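User: I am new to reading models like this one. Please take me through the features one by one, with the general idea before each case.

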Amino acid sequence: MNALLLLGSAVQAAEPPAGHPAAGGEGAHDIAGTLMHHVLDQPFYGLPSKHLAFFVFAALLVILMARLALRSYAAGRVPRGLGAFVDGIVVFIRDEVAEKNIGHGDGAKFTPLLCSFFFFILVAALLGLTPFAATSTGNIAVTMALATVSFLAQQWAGISKHGVVHHFAAIVPPGLPAWLLPVMIPVEIVSMFTKPFALMIRLFANMLAGHMVITTLLLLVPLMAQVSTVFGLSMIPVSLGLSLFIMALEILVAFIQAYIFTLLSAIFIGMYAHPAH
Amino acid sequence: MEANAIAYFAAGIGAGLTIIGGAAGIGRLAAAAMEGIARQPNAAGDIRGAMIVAAGLIEGISFFALIVTILLAVK
């Protein structure tokens, strides 16, 4: 597991500080460098970007998962296994998330997009917990892309239903006194952009913070080992236990963040598809 | 005091303030959810779902502050 490898390399690096990314130099800088090295983007086996490689890998996994799930529907059988799992989630998103928030006719139209969001964010986050992998949604460019798609979906929902003029005219709530308009219009226009911005930051920060906490807990071992080897070795079970607990929490956070991104996208799409609700 | 020292100091204080706000909010949320479940155990499933969504949103806000703090510490 990457936890053991990190520990191994770190304990080895604490005594003779060599054979580690920032070989030599003072110990504290070494540890901060290792922390940044593990959570930031880096080249990966000749590919320019590790986060990009795992972004593509997660997307391919989602497509593969969908194809495999579809196969269990062949010949009208009741789906079992992976098909049942995917089926359950898709039905949940269609009924609870899309139909409830976007409205009864359009919910099914936006369900594919919302399912894509949910499955991709979930798979990307879970993939990042495996050894030697990276969480692609821990890169702000990736979450910016997801938020941009969500933003475009919101605008498309409004414009396709009401036309460009009415979409922007309906931004302010109806029945507003005229003297409030100069205040409300900029506020509403800014809020049109802050909603996807918040989606982006929320997902990015959750994924990044989780990995930083795990890496920091594991790096406590070389930190303690700089004081004395006994401290370092006795820190190992504590550090491992805590970081395993945080990894379990990360699995839960992956599900929750995928659901929140999907739910909020659905709510915002519903706000533009059916304004003045 | 050089600028770096002040930045690290501010990062530490910022992290502490962030956690005060986030924990206070989520604590109140959890208390209200517990009370709701205690009053009506049938609604436990719905209340749990709403609690998790609200906790995610509150955490999202506290992460804005966390990002600012991290930027202070590493730049």
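User: Is Ile171(A) buried, exposed or partly exposed, and why?

Analyst: Count neighbours. A residue is buried if 20 or more other C-beta atoms lie within 10 Å of its own, exposed if 12 or fewer, and partly exposed in between, with C-beta atoms placed from the backbone. Ile171(A) has 18 other C-beta atoms within 10 Å, so Ile171(A) is partly exposed. This is a predicted model, where local features need pLDDT of at least 70, side-chain atom pairs count only at pLDDT 80 or more, and totals for chains, interfaces and linings use all residues. Residues are numbered from 1 along each chain as its sequence is written, while chains are lettered from A and ligands numbered from 1 in the order in which they are written.

User: Where does Ile171(A) sit, and which residues does Ile171(A) touch?

Analyst: Ile171(A) is in the loop between α6 and α7 of chain A. Helices (H or I, at least four residues) and strands (E, at least two) are DSSP runs, numbered from the N terminus. Contact means that two C-beta atoms, placed from the backbone, lie within 7 Å. Leaving out residues up to four places away in sequence, Ile171(A) touches Glu188(A) and Met192(A).

User: How many helices and strands does chain A have?

Analyst: Chain A has eight helices and zero strands. Of its 277 residues, 35% count as buried. Among contacts in chain A with a separation of 6 or more, 65% join residues 24 or more positions apart.

User: What is there to read in the phi of Phe132(A)?

Analyst: Most residues other than glycine have a negative phi. Phe132(A) has a positive one, near 65°. Phe132(A) lies in the loop between α5 (107–128) and α6 (140–169) of chain A. Phe132(A) counts as exposed because 9 C-beta neighbours lie inside 10 Å.

User: How do α7(A) and α8(A) pack?

Analyst: Two packed helices are described by the angle between their axes and the distance between the axes. Axes are lines fitted to C-alpha atoms, for helices over the stretch in contact, and angles run from 0 to 180 degrees between N-to-C directions. The axes of α7(A) and α8(A) come within 8 Å and cross at roughly 175°. Angles under 35 degrees count as roughly parallel, over 145 as roughly antiparallel, 65 to 115 as roughly perpendicular and the rest as oblique. α7(A) and α8(A) are therefore roughly antiparallel.

User: Where does α7(A) kink?

Analyst: A bend at a residue is the angle between axes fitted to the seven residues ending there and the seven starting there. α7(A) has a kink of about 25° at Leu219(A), shortly before the proline Pro222(A). With 47 residues, α7(A) reaches 64 Å from its first C-alpha to its last, close to the 69 Å expected at 1.5 Å a residue. That expected span is 1.5 Å times one less than the number of residues.

User: How many residues of chain A are in contact with chain B?

Analyst: 10 residues of chain A are in contact with nine residues of chain B. α7 (181–227) and α8 (229–273) of chain A each give two or more residues to that side. α7(A) gives the most, with six residues.

User: At what angle do α7(A) and α2(B) cross?

Analyst: Their axes cross at roughly 75° and come within 9 Å, with α2 spanning residues 44–74 of chain B. That makes α7(A) roughly perpendicular to α2(B). In this contact, residues including Ala198(A) and Ile201(A) of α7(A) meet residues of α2(B), among them Phe63(B) and Phe64(B).
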